[in-house]
Amino acid sequence: MDPTSYALIAAAVVVGSTVQSAVGLGVGLVAAPVTALLEPALMPGALLMVAILMPCLTLVADHHDIDWRGLGWSLPARLPGTLVGVWVVTVLSDRELGIMIGLVVLVAVVVTWRAVIVPVNRVTLSAAGFTSGVTGTATSIGGPPIAIVYQHRPPRQIRTTMAVYFLVGAGLSLVALTISGDLTRDQVVAALQLLPFLALGALAGAWARRSIPAHVVRPSVLIVSSASAVVLLVRSVVGG
């Protein structure tokens, strides 16, 4: 990465990990459009490798109230979704993947902003797990489908349950991308370079969780994510 791209992607990782530490998701939602805009060759592997460490930090600090029953439905459904996501990465060009990432972010923002009420049951959990497998593997943005299902649960249950889901789900995606040959050395190196910024964001998120109301954090990340997605979409469409 050139210094300017590195600085901007690192800043996006700090913001995204801060938000994820505070409310349960955010790394992919914030950093994926920025990364796809500046360094599309790093997608999706670099951000998946970064994202898989965030739940480890969350679970070290807090591992109570995990909804294991819900994970029993969502995680198995992630596997077929992961296979579809690998196929998407294989067949799409950088431009097409940029368009997909932009659209995934905007749809996630609209649905999340409207706070659609979704019942938590085996059907919705399985559907969310499958959808998350596709989008998480193809774009590194796998959190919104699960977050939408769990959005009305207690904050700690959301954070810890999604942390377990991210850990296992991102692991599955990385294994599948490695087998398909779509996880490159450059993506691995970039992920290692971004880890200090993930840690910085996690520390900031721990402070934000105590000091800043979630109703302030949530709209802010949605606005930032929307702006990034719109810029990415415009550049991908015009650039084609």
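Helices (H or I, at least four residues) and strands (E, at least two) are DSSP runs, numbered from the N terminus. This is a predicted model, in which local features need pLDDT of at least 70, side-chain atom pairs count only at pLDDT 80 or more, and totals for chains, interfaces and linings use all residues. Residues are numbered from 1 along each chain as its sequence is written, and side-chain values use heavy atoms, with hydrogens and water left out.

## Exercise 1: Backbone exceptions

Task: Find where Ser-140 lies, and state whether Ser-140 is buried or exposed.

Solution. 
- Step 1. Ser-140 sits in the loop between helix 6 (122-139) and helix 7.
- Step 2. Read the backbone angle. Phi of Ser-140 is near 70°, which is positive, and the residue is not glycine.
- Step 3. Most residues other than glycine have a negative phi, and most peptide bonds are trans.
- Step 4. Apply the cut-offs. Buried means under 20% relative accessible area, exposed over 50%, and partly exposed in between (1.4 Å probe, protein chains only). Ser-140 has 10% relative accessibility, so Ser-140 counts as buried.

Task: Which peptide bond is cis, with omega near -5°?

Solution. 
- Step 1. Name the bond. The cis bond runs from Met-43 to Pro-44.
- Step 2. Pro-44 belongs to the loop between helix 2 and helix 3.

## Exercise 2: Salt bridges

Task: How many salt bridges does the structure hold? Describe each pair.

Solution. 
- Step 1. Start from the general idea. Side chains of opposite charge can pair when their charged atoms come close.
- Step 2. Set the rule. A salt bridge is a side-chain nitrogen of Lys or Arg within 4 Å of a carboxyl oxygen of Asp or Glu.
- Step 3. Count. The structure holds 2 salt bridges.
- Step 4. Take one pair. Asp-65 and Arg-156 are joined by a salt bridge, at 2.9 Å from N to O. Asp-65 lies in the loop between helix 3 and helix 4 (68-91) and Arg-156 in helix 8, so the pair ties together parts that are 91 residues apart in sequence.
- Step 5. Check accessibility. Asp-65, at 41%, counts as partly exposed. Arg-156, at 36%, also counts as partly exposed.
- Step 6. Look again at Asp-65. Its phi is near 65°, a positive value in a residue other than glycine.
- Step 7. Take the pair of Asp-67 and Arg-153. Their closest N and O atoms are 3.8 Å apart. Asp-67 lies in the loop between helix 3 and helix 4, and Arg-153 in the loop between helix 7 and helix 8, so this pair ties together parts that are 86 residues apart in sequence.
- Step 8. Asp-67 counts as buried, at 13%. Arg-153 is partly exposed, at 29%.

## Exercise 3: Enclosed space

Task: What is the volume of the largest cavity, and which residues lie nearest its centre?

Solution. 
- Step 1. Recall the method. Rolling a probe the size of a water molecule over the atoms shows where empty space is left.
- Step 2. Define the terms. On a 1 Å grid over the protein atoms alone, a cavity is a set of points where a 1.4 Å probe fits but cannot get out. A pocket is an open set with protein on both sides within 12 Å along at least five of seven lines, and lining residues have an atom within 4 Å of a point. Grid points are joined across faces, edges and corners, and a volume is the space filled by probe spheres set on the points.
- Step 3. Count. There are 2 cavities of 30 Å³ or more.
- Step 4. Give the volume. The largest cavity has about 170 Å³.
- Step 5. Read the lining. It has 18 residues, with Ala-51, Ser-140, Gly-142, Gly-143 and Phe-166 nearest the centre.
- Step 6. Name the helices. Helix 2 (27-38), helix 3 (45-61), helix 7 (143-150) and helix 8 (155-180) each supply at least two lining residues.

Task: Which helix gives the most to the lining of the second largest cavity?

Solution. 
- Step 1. Give the volume. The second largest cavity has about 50 Å³.
- Step 2. Read the lining. Its residues include Gln-20, Pro-55, Arg-159 and Phe-166.
- Step 3. Pick the helix. Helix 8 gives the most, with 4 residues.
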